[in-house]
Amino acid sequence: MGELIGVLSGKGGTGKTSVCAAVASALAQFGERVLCIDCDVGLRNLDIALGMSDVAALSFDDVCSGSYSLLQAAKHPIYAPLQFLTAPMNCPPEQIDIEAFGQMLAQARKHFSYIFLDAPAGLEAGFHLAARFADRILLVTGSDPAAIRDASRAAEVLELMGKTNVRLVVNRVNEKMFSKMKLTVDDIMDQAGIPLLGLVPEDHNVVLAAAFKKPLLFQTRKGAAAACSRIAKRLQGMNEKIRL
Ligand SMILES: Nc1ncnc2c1ncn2[C@@H]1O[C@H](COP(=O)(O)OP(=O)(O)O)[C@@H](O)[C@H]1O
Ligand SMILES: [Mg+2]
């Protein structure tokens with residue numbers, strides 16, 4: 001049975017979509033069958049981060065409504081085991097048929113090892129859509145104290161939803177700032193009160209890869225790409241040390 005992973009933050013622009021795409025691509029590179037679902041209805045952009053903006057993609061609503069089968073989801077042009085469903089453009093999250101969405105995910109568990117749900121910003125319907133059925137949550141945050149505090153607030157909402165398997169991913173970490181602030185990985189864990197799954201450095205390749213319509217891991221193997229590959233290995237249960 002596949003694992004459902006919600007990529008959330010509450011705050012916008014923390015890097016949910018970039019981290020989701022890179023971790024999913026890494027797992028597909030390792031040979032895992034992966035399904036990525038864009039839950040950012042209205043502002044979808046997971047296709048760009050995956051390097052699939054030129055690929056015609058079904059939306060999750062096309063599958064939920066029964067018009068298409070899950071296995072018709074768009075196939076990644078580089079990472080064969082990765083498939084993708086985009087978000088419907090004209091359907092507010094409040095109007096999504098949750099029961100049909102849950103049934104589609106139950107079906108997806110049978111065909112894929114990992115199913116990623118990329119959440120929109122905010123703590124409203126889209127957040128709940130991506131979190132509700134998830135077995136594991138990746139909470140993506142920046143490294144400054146305010147961002148980490150926001151993440152612990154989102155974790156409180158998740159706790160109220162009964163979600164206990166919540167792990168923090170600190171994105172856009174600037175090593176120089178870290179040493180200037182005398183910040184350590186242990187400090188971040190203390191501040192957040194959520195176990196840490198990974199640190200992803202600030203890396204201009206994230207922006208460049210999107211500009212070139214390529215997946216980050218195709219653009220480079222270093223920096224943020226390497227960090228996301230380490231997160232992918234941890235999701236597989238490997239004992240990768242947390243470092244930048
Ligand atoms: N590690 C990183 N280094 C540099 N830029 C990043 C990094 N992660 C994300 N970005 C950039 O930050 C912006 C927001 O990222 P995105 O993944 O869309 O965030 P979210 O999905 O949380 O709104 C994008 O322009 C993206 O290219
Ligand atoms: Mg996003």
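**The ligand site and selected contacts**

In this predicted model, the largest pocket is the space that ligand 1 takes up. Helix H1 (16-29), strand S7 (166-173) and helix H9 each give two or more residues to the shell around the ligand. Of these elements, H1 supplies the largest share, with 3 residues.

The shell around ligand 1 holds 13 residues, and those that come nearest are Lys16, Thr17, Ser18, Asn171 and Asp203. By residue class, the shell is made up of 6 polar, 4 charged and 3 nonpolar residues.

Several polar atoms of the protein lie beside oxygen atoms of ligand 1. The side chain of Lys16 places a polar atom 2.7 Å from an oxygen atom of the ligand. For Thr17, a polar side-chain atom is found 2.8 Å from a ligand oxygen atom. Thr14 takes part through its backbone instead: a polar backbone atom of this residue is 3.1 Å from an oxygen atom of ligand 1. On its own, ligand 1 has 560 Å² of accessible area, and the protein covers 79% of it.

Asp203, one of the residues that come nearest to ligand 1, also has a contact at the start of helix H9, which spans residues 204-211. There, a side-chain oxygen of Asp203 reaches to within 2.8 Å of the backbone nitrogen of Asn205. After H9 comes Lys213, a residue with a positive phi, near 60°.

Apart from the ligand site, charged side chains were examined for pairing. Side chains of opposite charge can pair when their charged atoms come close. In the whole structure, 5 salt bridges are found. One of them joins the side chains of Arg136 and Glu3, with a distance of 3.0 Å from N to O.

Definitions and conventions. Residues numbered from 1 in each chain as written. Chains lettered and ligands numbered in written order. Predicted model: local features only at pLDDT ≥ 70, side-chain atom pairs only at ≥ 80, totals over all residues. Heavy atoms only, no water. Polar contact = N/O pair within 3.5 Å; in protein donor to acceptor, adjacent residues only side chain to side chain. Helix = DSSP H or I, 4+ residues; strand = E, 2+ residues; numbered from the N terminus. Near = heavy atom within 4 Å. Areas by Shrake-Rupley, 256 points an atom, 1.4 Å probe, with all protein chains shown as cover. 1 Å grid on protein atoms, 1.4 Å probe; cavity = no way out; pocket = protein on both sides within 12 Å on 5 of 7 lines; lining within 4 Å. Sits in = over half its atoms within 2 Å of the grid points. Nonpolar A, V, L, I, M, F, W, Y, C, P; charged D, E, K, R; others polar. Salt bridge = Lys/Arg side-chain N within 4 Å of Asp/Glu carboxyl O.
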